[in-house]
Amino acid sequence: MWKTKGHDSIIDFIKYSIESDRLAHAYLISGTSYIGKTTLAFDIARAVNCLEFMKHNAPCGECKTCLRIINNIHTDIHFLDFLNFTSSPIEQLRENFISKVNKKPYEGGSQVFIISHVDKMRSEHANLLLKTLEEPPQDVVIILMCEDTSMILDTILSRCQILELYPVLDPAFLEKLIAVAAGTFFPDSLDPKLIVRLSRGRIGWIYRVISDPEIFFSMQKLFDDMEFAIETSVEDRLKFSNGLVKKNKTIQFDGFSDIDIMLTWWRDLMMLSVGNKSDVININRLDYLENISSHFSTGQIVDVIKMFNLAKFNLSINANPLLVYDNLLLNIPSKDYK
């Protein structure tokens, strides 16, 4: 069975490609974090190697090959992540990709190389990868994954079949998914409707929260701390800024950066400011948001959102996090500014 959910058109495309023997030698799966890229990549790996695929029109999940892939012990399935290399990327590519890609499959029908975060590659890494994409070996499927295709060489893009994943925007489907995935273990303190809204269509993030509800509670604490900081003194804002720096050594925070999370709060203020209450994400904070929204003009909210986006960009180019957060929080107007 396919583990990928909510991306039926992509699955139908992969099924047709396998059935018609038109499988590409290289795919590029793009989409925001926790959208389902890795799940899809391993679905493809299972599908091209499953012993019973033609019978089920899907990887069966029960044959020897499927089970070995599921348990991460299949010798022909290789996973590389540019954000988590233990040695230099060049060495890792040479050792775990270049040295293996021209070998015949050992136990399956195809070798599959899954390479994550290729948008983080430097030019020398991309050129090393490009040489293989230009003359791909038989019995090999290369699956690249990224969030931002604009950061990838056009020569690589042109040699890949691009599979773009978008957020799933059907609330009823997502709530049903939660019910099936969580069963009786879903905590009473979590509201499925709220989790769906907070996920912003990212199914992988929903699964993370189901398995680790602390992600949700950490998010709520972040909102609490931000609300306290912007309503109190400069000292409290700086203290909050320092806490953000200590907590987050990287921009990612369980699928969303702290800035992404706080931006939803300000976006909700914008929705209320223009009379669009139905699109508020943080529905559990609606009363507070409605109250505080009267203290900010629409123009002020727009300016704050721009500041958050600029801060996110500055963090992405490795600006000093403390300076970024200090500047951001000190420039947010107080609620009595209006």
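1. Helices here are DSSP runs of H or I with at least four residues, strands are E runs of at least two, and both are numbered from the N terminus. Axes are lines fitted to C-alpha atoms, for helices over the stretch in contact, with angles from 0 to 180 degrees between N-to-C directions. The model is predicted, with local features needing pLDDT of at least 70 and side-chain atom pairs pLDDT 80 or more, while totals for chains, interfaces and linings use all residues. Numbering starts from 1 along each chain as its sequence is written, and side-chain values use heavy atoms, leaving out hydrogens and water.

2. Have a look at α8 (residues 171-182) and α9 (residues 192-199): their axes come within 9 Å and cross at roughly 115 degrees. On the α8 side, the contact (heavy atoms within 4.5 Å) is made by Pro171, Leu174, Glu175 and Ile178, and α9 brings Pro192, Lys193, Ile195, Val196 and Ser199.

3. Next, the rings. There are eight aromatic pairs in the structure, counted for Phe, Tyr and Trp (its six-membered ring) with centres within 6.5 Å; planes under 30 degrees apart are stacked, over 60 edge-to-face, the rest tilted. Phe97 and Phe113 are edge-to-face, because their ring centres sit 5.2 Å apart with planes at 85 degrees. Phe97 is in helix α5 (residues 89-101) and Phe113 in strand β3 (residues 111-116), so this pair ties together parts 16 residues apart in sequence.

4. One aromatic cluster is formed by Trp265, Trp266, Tyr288, Phe296 and Phe308.
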